[in-house]
Amino acid sequence: MEKEDPLERLERLEREKNERKANRNASGPRTTMYILIAVAAVLAITLAVVWIQKSSLVNDLKLEKEDLTEQIQALQTDYENLSSDYESINSQLDSSREEISQLVERIKKTDATNRAKMRQYEKELGTLRSIMRGYIVQIDSLNNLNHQLTVQAAQARREADESKRQNEKLTAQVDDLANQVAVGSVIKARGIKMESYNASDRLTDRSSRVVRLLVHLSLLENDLAPKGPVRVFVIVRDPSGNVLLDGSEAAFILDGETVAATASREVDYEGNDMDLSIYVNNIPSFVKGVYTVEAFTAQSRLGSAELLLR
């Protein structure tokens, strides 16, 4: 075997040493690069997960706000439909209606992510519900008392007619109770609302498509009210305040004066709750704006409602 030249051997060893060193230097940056790429990928995945979770939370909070808003608006409607014959309670109702109206405006302006405010509004909603239950109990109690007083008045009057022996105190009591009976004998109504229909008899709020109006209301149960035919009149006014007339020439006496009505309907009232509807036809056209309706009997005003046409 031929011996390797010592100088060539040294050069070969030097070359091999330099090659190993070059390979080590080249692998270092590649390893660092791979590590940085892995870290960047982990960070990207983490940020994506955080963003998805945040979006889901925001959506959930928006849904909670929408649900809370619907509950408050439903309670607002309940307050609007609640009424009484007592001035002190009506004054308290007006105050509560204003409070819930402000609550509706506040929640509309509050961002859904403001959880502290949302919890505060939930507590206020619960308080207003409790107050409303109190009003209902109070009104029922007063109505029951009024009914009891009415019965007592009728009994006292019968006894006075039969015996003809009333003293001054009893006479004053009978007169006072008789006044309460007169107030209690007036027919009242609830749930008054007005709807608009197109030529296909479908609900619409577009003024250009409306061909008729329909007024709904319920006469309330009243054992003291006279039984028999009762005519209900409605007066509908356009956004300019003009009374709409359907050609039926309906009219009634109000405060000693003859008042033209838009339409009317006669029903057989037997002292029980009664739902009825009155059509308003033959109106040439409708314009955009708020229409109002008032309902009356020959004895009293039953209530009013509004309808917005676009």
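Phenylalanine 286 and tyrosine 291 are both buried in this predicted model. Together they form an aromatic pair, with 5.8 Å from centre to centre and 55° between the planes, and the pair is tilted.

How many aromatic pairs does the count give? The count comes to three. A pair of rings is described by the distance of the centres and the angle of the planes. For phenylalanine 252 and phenylalanine 296, the ring centres are 5.2 Å apart and the planes stand at 35°, so this pair is tilted. An angle under 30 degrees would have counted as stacked, and one over 60 as edge-to-face.

Where do these two phenylalanines sit? Phenylalanine 252 belongs to strand E4, residues 251–254, and phenylalanine 296 to strand E8, residues 289–296; the pair therefore ties together parts that are 44 residues apart in sequence. Phenylalanine 252 and phenylalanine 296 are each buried. Ring pairs also bring in Phe233, giving a cluster of Phe233, Phe252 and Phe296.

I turn now to isoleucine 187. This residue is placed in the loop between helix H4 (168–184) and strand E1 (189–197). Is isoleucine 187 buried or exposed? Its relative accessibility is 9%, so isoleucine 187 counts as buried, the cut-off being under 20%. Leaving aside residues up to four places away in sequence, isoleucine 187 touches Leu219, Ala225, Val230, Tyr269, Ser300 and Leu302. As for leucine 302, 115 residues in sequence separate it from isoleucine 187, while their C-alpha atoms are 7.9 Å apart in space.

Terms used
Residues are numbered from 1 along each chain as its sequence is written. This is a predicted model: local features need pLDDT of at least 70, side-chain atom pairs count only at pLDDT 80 or more; totals for chains, interfaces and linings use all residues. Side-chain values use heavy atoms; hydrogens and water are left out. Rings of Phe, Tyr and Trp (its six-membered ring) pair if their centres lie within 6.5 Å; planes under 30 degrees apart count as stacked, over 60 as edge-to-face and the rest as tilted. Helices (H or I, at least four residues) and strands (E, at least two) are DSSP runs, numbered from the N terminus. Buried means under 20% relative accessible area, exposed over 50%, partly exposed in between (1.4 Å probe, protein chains only). Contact means heavy atoms within 4.5 Å.
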